[in-house]
Amino acid sequence: MSRVPLSVLDLSPISEGSTAAQALRNTVDLARQSEEWGYERYWVAEHHFVAAASSSPAVLIGLLAAATNRIRVGSAAVQIGHHTAASVVESFGIIDALYPGRIDLGIGRTGQRRAEALAGKDRPEPEHEEKVIEGILFPKPFPMGNLVLSERLLATGSVLVQPEAKTPDFEVQLDDIIDFLRDDFTTSSGVSLTATPGAGAQVELWVFGSSGGQSAQVAGARGLPFVANYHVSPGTTLDAASAYRAAFVPSSILDEPYVVVSADAVVAETDSEAEYLASTFGQWVYSIRSGDGAIPYPDPKTGSALTAEQAEVVQDRVVTQFVGSAATVADKLDALQRATGASELVVTSVAHDHQDRLRSYELLGKEWGLPRLRV
């Protein structure tokens, strides 16, 4: 059976009772193993002031590229609202100069959406009922508006940019990145600038999005590959993929749309064992959805149950996490691919114990039929 490529998304989670330093060592270890197990790419997220150690994707990607040999490594995604186009291109240009042809530069709107919400310009959220396609649930969308404006996230945003700084529109920043990479950037005053390193870098540029809004539309219009975040917002994944395809214009990069869909998954030897390892996922997601930020990933041995009110807040994420044996999860991923028409899937597997997380990816890769690297 021919299956689409499978990749890894690592949030560098800090487990309860552990440290950021250990989480980073775990990330390097998982990247090496993922390469051996045949995964297509290894992506790291950008999160700040929470129990996740991937606060600086460019730094971490450089370390991962040095620790591996063949697997593509990249960002999922750089929160462009916290950076300038020039700083992103220069950072990734440095990595590409040393590890050419292996670096993915993923860009997301996080940070910009917060600024839009504060200015009263946030786009309306989609409203529709849940759908089931190919046996895969696409639940009613979770309203993210209140989360975007939570006190903690506003405080986070306030220290990640310079005082009084104004973040340019996402489309403007993306176009600036493209121009810098092509060595075709000119300031508004007509001065040409060359990013060094950065100009001519062999990075692959990706756009990430959770809805059918600006990210999906701009990615399509620029003919760039797009990642629809089922693991973040399962209720809007179909909207995102549809908007991207509707806006797609062939480019020098792609002749036709290329959609990657993300998914949460936990794999173990048996369904029951996997369910046990995933039993504290809801508590972890609730810490994010409540606006307090991700807590250290809870230990299933000591984790407490959610209240009925808390469980309702995370229901859409819990029921769309794929949990079970390798065969069980692979079947669900196959169905997700059919339902979304994904060209590639990327899996994030979170567990309290690093060995359980390693085993999850190893079992899934073997079941998926990935070509193992001979070492």
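This is a predicted model: local features need pLDDT of at least 70, side-chain atom pairs count only at pLDDT 80 or more; totals for chains, interfaces and linings use all residues.
Local features need pLDDT of at least 70 and side-chain atom pairs count only at pLDDT 80 or more, while totals for chains, interfaces and linings use all residues. Residues are numbered from 1 along each chain as its sequence is written, and side-chain values use heavy atoms, with hydrogens and water left out.

**Overall fold**

- The protein has 14 helices and 14 strands. Helices (H or I, at least four residues) and strands (E, at least two) are DSSP runs, numbered from the N terminus.
- Along the principal axes, the C-alpha atoms fill a box of roughly 65 × 50 × 40 Å.
- Of the 375 residues, 53% are buried. Buried means under 20% relative accessible area, exposed over 50%, and partly exposed in between (1.4 Å probe, protein chains only).
- The protein exposes about 16,400 Å², and carbon and sulfur atoms supply 51% of it. Accessible areas come from the Shrake-Rupley method with a 1.4 Å probe; for residues, only the protein chains shown count as cover.
- Among contacts between residues at least 6 apart in sequence, 74% join residues at least 24 apart. Contact means heavy atoms within 4.5 Å.

**Aromatic pairs and charges over rings**

- Rings of Phe, Tyr and Trp (its six-membered ring) pair if their centres lie within 6.5 Å; planes under 30 degrees apart count as stacked, over 60 as edge-to-face and the rest as tilted. By this rule there are eleven aromatic pairs.
- Tyr39 and Tyr361 pair edge-to-face, at 5.8 Å centre to centre and 85° between the planes. The pair links distant parts of the chain, 322 residues apart: Tyr39 sits in the loop between helix H1 (20-37) and strand E2 (41-44), and Tyr361 in helix H14 (residues 354-368).
- Tyr39 is buried at 4% relative accessibility. Tyr361 is buried too, at 1%.
- Phe226 and Tyr244 are stacked, because their ring centres are 5.2 Å apart and their planes lie at 20°. This pair joins strand E11 (residues 226-228) to helix H9 (residues 237-247), 18 residues apart.
- Phe226 is buried at 0% relative accessibility. Tyr244 is buried at 0% as well.
- One aromatic cluster is formed by Trp43, Trp206, Phe208 and Tyr258.
- A charge sits over a ring if NZ of Lys or CZ of Arg is within 6 Å of the ring centre and within 35 degrees of the ring normal. Arg3 lies over the face of Trp368, at 4.5 Å from the ring centre. Arg289 lies over the face of Phe142, at 3.7 Å.

**Phe208**

- Phe208 belongs to strand E10 (residues 204-209). It is buried, with a relative accessible area of 7%.
- Beyond neighbours within four places in sequence, the contacts of Phe208 include Trp43, Ala76, Ala77, Ile107 and Phe226.

- In helix H12 (residues 308-319), the buried residues are Val314, Asp316 and Arg317. They fall within an arc of 120° seen down the axis, so they line one face of the helix. The arc is that of the directions from the helix axis to the C-beta atoms.
- Exposed residues Ala308 and Glu312 are on the face of H12 turned away from its buried side.
- Cover over the buried residues of H12 includes strand E12 (259-267) and helix H11 (281-289).
- Leaving aside neighbours within four places in sequence, Gln321 contacts Asp264, Ala265, Val266, Ala278 and Phe281.

**Backbone features**

- The peptide bond from Ala76 to Ala77 is cis, with omega near 5°. Ala77 lies in the loop between strand E3 (72-75) and strand E4 (78-79).
- Thr196 and Pro197 are also joined by a cis peptide bond, with omega about -10°. Pro197 is in the loop between strand E9 (192-193) and E10.
- Glu134, a residue other than glycine, has a positive phi near 55°. It lies in the loop between strand E6 (131-133) and strand E7 (136-138), and is partly exposed at 43%.
- Asp183 is not a glycine, yet has a positive phi of about 55°. Its place is the loop between helix H7 (170-181) and strand E8 (185-186), where Asp183 is partly exposed at 42%.
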